[in-house]
Amino acid sequence: MKSYLGTAASVLAAATLFAGPSFADVCDTPTKLGDLGKFEGEVITIMGSMEGKDEEMLTNTASCFEAATGAVVKYSGSRDFAALIVADLRSNNSPNIAIFPQPGLAGDMAKEGHLVPLGQESADWMAENYGAGPSWVALGTYADKDGKEDFYGFAYKMDLKSLVWYSPEQFEDNGYEIPTTMEGLIALSDQMVEDGNTPWCIGVESGNATGWTATDWMEDLMLRTTTPENYDRWVSNDLPFNSPEVLKAMEVYGQFSRNDDYVAGGASSVATTFFGDAPKGLFSSPASCLMHRQASFIPAFFPNKGEEVANGEADFFYFPPYEAADLGNPVLGAGTLWTMTKDSPATRAFFEYMKEASAHEAWMAQGTFLTAHKGADLSAYATPALRKQGEILSNATTFRFDASDLMPGAIGAGAFWSEMTAFANGQDAKTTADNIQSAWDAIK
Amino acid sequence: MTRTFRNVVLALIVVIWVLPFIALVTTSLRSETASKTSGFWTAFTPTELGHRFGTHDKGKTEPFVTMSGNIFERLNHDRESYEVAGDVTSILFKGRLPDPDKPGKTKLIRKLIFAGEVMDVRGGEFVFQSSGDFTWTFPEATAPKPKNLDAFINQSPVFGTDAYIEVLFENKNVPNALISSFIVTIPATIIPITIAAFAAYAFAWMRFPGRDWLFVIVVSLMVVPTQLAFLPVLQGFSGIASWATSLNAWMTDCEITKTCQVASKSFASLWVTHTAFGLPLAIYLLRNYIVGLPKELLESARIDGASHLKIFTRLIIPLSVPALASFSIFQFLWVWNDLIVALYIGPADAADLVFPIRLQKQLGTFKDQLHLLNASAVISMIVPVIVFLSMQRYFVRGLLAGSVKGG
């Protein structure tokens, strides 16, 4: 086991260029994990949608648990997770743990009785030990068959969405400064247009999830144009989709995305550009755009898979609020929810493991992982960039979850996406909002 | 006249059919950046492409008056393959320079500079030639920060096998997927054809009550889509697996949660599923062929005292080779290319994934590794092509099997 860890550590040493406790430090001292018990040879199966680099990091993090307990963690990731997990749960082929990227589906599965509650103790733990804890507990609490509410979803691995990515070198060449207010950001965009540059790269195409990038823009702008209370009412539809507050946010989004001068390739390209290809414009030669608003995970889609952030070719700034609106520093984010789909003592121990700060640090040290765990050592973040994101998270005066993840599936993963795509294709804001609202009325 | 016309049309159809394949192979041999930035048809002729290069390495701080270098060397020094070569046509200069109209202010300049022209970079004179040689001269010794410039290069075609090396040798995904696909495909072809041959003989030459009705039921099963049956099939397998687990526990005395767990999603589940869904077509195809064999032959065999089994093995099987072969091709290709059954019912361990899932994952990770995907796709095509070519002489005869039968 020791030698296996050695290899894992050396592989990671190459990826981890920065100081702070390395993955190996965290993982090599199982005593840090407390007493999780011994589960020699027991298999824990995990299903999720993470693939590629995320999958690698998940397996590495789980290997610390394997080293400490002797259990074997088997992860299988597929981008068809949402379809596969439903078939597996309904046909009695449940894995031990299912990682839901969106709470909507997890809630549906809880209602069908396929999830095992994690217990009030875990809920209390999370409320106390996570930043904005009660909101995370609420995100993982669903009703079962009989309508009884229980805590099912353990939020682990978070994303920060309110970021604008740019190339410092391009800003330097052009003599641009980083804006700290939304007014400044709009002025900078205009300045870029005047200089003959194109400010934004926007792409919302994402296969059968096309439109979600646009919903993120909308949510970020909702938090900047109206109060967090209105945002919450919007999520629960107490504030209708076609109310003036929501329409205003959509119109502001339109000022960015439907402006041929603002968007690389013209406004008509927004709906057909793959969201993962959009940021590549920052690095093309010559650069086709200078800014890209996207969540913390996006460096994985940069041409060198995120190396740009480490070597200074790419950086980000906080998507700023309106100075005039006086709404503080709102931040939009999301997280994956780990649920128990088949009970076993080893699986329960794995959930105990996720409560350990070191379980968070082990992934932080590898990259693209943010956590709200208050006990986790911030210096464990693999890169200064991640640390900076951690700071944005802690400087936030308001933190809100991705609204589309909280809305019912038919809206948040349906009408909201498709109508925002129609909006990108030229449908006006009023019709878009009316259509989403009537879709919502239909499921009430 | 008509013949020329016919040949032209034929040639056109061939081109349309072969074009995607050419695109696939070409892209798989191109570099990652090239395949992302330009179409495959530009790969064969010199193409003007933008490249970003840095004048010198970061942290190199000795002051100099004149620095000379080569753009291609700068571009290629960290490349192991797909080296850039050709002519530098121009450099896009971007920077702020003093505004002649407004004293004290600067103005953003975006301008194409051509070979031999002098360009002001960080206060020094930068001149480059189309061969890529450049000089950077300062009035006095300075140590400027490196400057990255966008150069437009009329690039010569360049090909390499990096993508193939990566998918075949660097990560073991493709070899693993090949092995898994063979483990699934070979039994999933042999089992249904064996069962179907026996069944077809029975339907064609044996008399038993309800034969025709049974045959109608089998044929009508052909229209049941696989997707419809996933949930019940999975439930069935999960039932069998838990039964097998308890049997295993009873026989070997192991603990249920640990070693003796029998997986409900395995290669065996795939064999059973593919067999079940392949059988109706196989029985139908083979029965129609076997029923068309000369009656006299079988009758004389019977008169000579041959049993059903003997007739089947000595007469029917050798005579049915074209039909058997053509069905094997169908079933082999179908199972080889199957994604959805393997995804739902097959094993989920990374090492056991079949080729189509591996291809999907290769696309799915970042949806941008087109070069790797294409290389893997070309490899995955080789096997069906070999199978098809080696059995194609049976194929046409087999296809006609049902259609021209006499009785």
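Into which domains is chain B divided? In this predicted model, chain B consists of domain 1 (2-42), domain 2 (46-156) and domain 3 (164-399).

**Domains of chain B**
- Domain 2 of chain B spans 46-156, and domain 3 of chain B spans 164-399.
- Between the C-alpha centres of domain 2 and domain 3 of chain B there is a separation of 61 Å.

**Contact between chains A and B**
- Chain B contributes 33 residues to the contact, and chain A contributes 31 residues.
- On the side of chain B that touches chain A, the strands giving two or more residues are E1 (47-54), E3 (86-98), E4 (106-114) and E8 (148-155).
- The helices of chain B that give two or more residues to this side are H7 (230-252), H12 (340-345) and H13 (355-364).
- H7(B) gives the most to this side, with five residues.
- By residue class, the side of chain B that touches chain A has nine nonpolar, 13 polar and eleven charged residues.

**Open sheet of chain B**
- Strands E2, E7, E6 and E5 of chain B form an open four-stranded sheet in the order E2-E7-E6-E5, with antiparallel pairing.
- Strand E2 (64-70) and strand E5 (118-121) of chain B are the edge strands, each pairing on one side only.
- From one strand to the next, the twist averages 25 degrees.
- E5(B) pairs with strand E6 (residues 124-128) of chain B in the antiparallel sense, over four bridges.
- Opposite B:Val118 stands B:Val127, which lies in E6(B).

Terms used. Residues numbered from 1 in each chain as written. Chains lettered and ligands numbered in written order. Predicted model: local features only at pLDDT ≥ 70, side-chain atom pairs only at ≥ 80, totals over all residues. Domains from an automatic or database assignment. Contact = placed C-beta atoms within 7 Å. Nonpolar A, V, L, I, M, F, W, Y, C, P; charged D, E, K, R; others polar. Pairing = 2+ DSSP bridges. Axes fitted to C-alpha atoms, helices over the stretch in contact; angles between N-to-C directions.
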